[in-house]
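Here is a walk through some side-chain contacts in one structure. Please look at the sequence and the model first, then read on.

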Amino acid sequence: MIVVTGAGGTIGSELVRLLGATEQRFRAVHRSPDKARRAVEQGMDAVAADFARPETLRPALDGAEALFLLSPSGPGQTEREAAAVAEARRAGVRRLVKLSVWGASEESFSFARLHRPVEKEIEASGMTWTFLRPNGFMQNLLLSAESIRTGGTFALPGGEARISHVDARDVAASAAAALTQQGHGRKAYELSGPEALTYGRIAQELSEVLGRPITHRDVSDQEYRDGMRGAGLTAWQADAVLDLIRYYRAGHAARVSPAVRQLTGREATPFAAFARDHAPLFQPEG
C-alpha cells in the first residue's frame, strides 16, 4: 500500500487522483481532520495526521509499503520530516519518495537548506528512495489570476530571469511513476518544464492564449515582500520566497531537464498548454 502525505495540497490531491484511477491501494493523509473525514465519506482510505506530532503518523503508516513524503515549508520542517522518516522506517516502509526542491543538493537558498538534511536522513535510512526536485510550479501564477482577469496584468519580481517552470500535474505524475514503477530507486530527479521563460515571455504566451493583452510588471523585492506580508505570509515565508527569487535572478533555474519524460514516458507540459487548461480562471467574467 502507498501512503500519500500532503494529500490535500496541489501535488498531493493530483497524486491521489492519479492513484485512484489505478488498481493501486493507497491511503491519503491530511493534516486537516475535516478533509480526512470528507475523503472517508467519499469512500477513500484517509486519515488525519500532524507532522508536528510524529505519533499521529504511526496509524497512518500501518501496512504501508511506500510513502510519498510532503509537508508544509517553514521553520521546523527539517526536524518534522526527519521524524516522519524515522516513523516510516519503524513501520517497515520499503520505498520512500520525497518531494524536495530544485537545487537541493547545493543548499544555496533557504528552501534547499530545509530539504537537503532530510534527503541525507533518507539516504542513510536503508529504504529505497527517490527524490523529486521540481522547479517553480506553473500553478503559482494562479495566485495572480484575479489581477490578470480584472486588469490584464500580474506583478512579480524577477527581471529577465529565465525559469523552467514545471506543471504541478507533471510533478504528481512523476511521483506516481516513482511510487509504482521499478528502476527509480536511489535517484534524484530535477523536474522542469520543456522551456525556460521570462515573466515577460509568459505574459506574451498568456496574451496569445487569452486573446487579449496581458502584461507583466516587475516589482522591487520590498514591494513584493510587503504584498506577501499583507496577504498573511509570515516574515520567514516572505524572506524565503525572496531568497528563492534571488536564486532565480542568478540564473540557476533556467536549465531544462528531461526528468518528466524519463519518469512518465511523455514530454513535460509547456506553459501554453497550462494556460489553455486554466484559461477560464484568467478571463473576465461574462
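A salt bridge is a side-chain nitrogen of Lys or Arg within 4 Å of a carboxyl oxygen of Asp or Glu. The model is predicted, so local features need pLDDT of at least 70 and side-chain atom pairs count only at pLDDT 80 or more, while totals for chains, interfaces and linings use all residues. Residues are numbered from 1 along each chain as its sequence is written, and side-chain values use heavy atoms, with hydrogens and water left out.

Side chains of opposite charge can pair when their charged atoms come close. By the salt-bridge rule, the count here is 23. One of them joins Lys98 and Glu81, with 2.6 Å from N to O. Lys98 belongs to strand 5 (residues 95-99) and Glu81 to helix 4 (residues 77-91), so the pair links distant parts of the chain, 17 residues apart; helices (H or I, at least four residues) and strands (E, at least two) are DSSP runs, numbered from the N terminus. Lys98 counts as buried because its relative accessibility is 0%, and Glu81 is buried too, at 1%. Here buried means under 20% relative accessible area, exposed over 50%, and partly exposed in between (1.4 Å probe, protein chains only).

A second salt bridge is formed by Arg133 and Glu119, at 2.7 Å from N to O. This pair also links distant parts of the chain, with Arg133 in strand 6 (residues 128-134) and Glu119 in helix 5 (residues 110-123), 14 residues apart. Both residues, Arg133 and Glu119, are buried. They are part of a salt-bridge network that links Arg116, Glu119, Glu123 and Arg133.

Asp45 and Arg27 form another salt bridge, their closest N and O atoms being 3.1 Å apart. Asp45 sits in the loop between helix 2 (33-41) and strand 3 (46-48), and Arg27 in strand 2 (residues 26-30), so the pair ties together parts that are 18 residues apart in sequence. Asp45 is partly exposed, at 31% relative accessibility, whereas Arg27 is buried, at 11%.

Aromatic rings come next. Rings of Phe, Tyr and Trp (its six-membered ring) pair if their centres lie within 6.5 Å; planes under 30 degrees apart count as stacked, over 60 as edge-to-face and the rest as tilted. The count comes to five aromatic pairs. Among them, Phe154 and Tyr199 are edge-to-face, 6.4 Å centre to centre with 80 degrees between the planes. Phe154 is in strand 7 (residues 153-155) and Tyr199 in helix 8 (residues 199-210), 45 residues apart.
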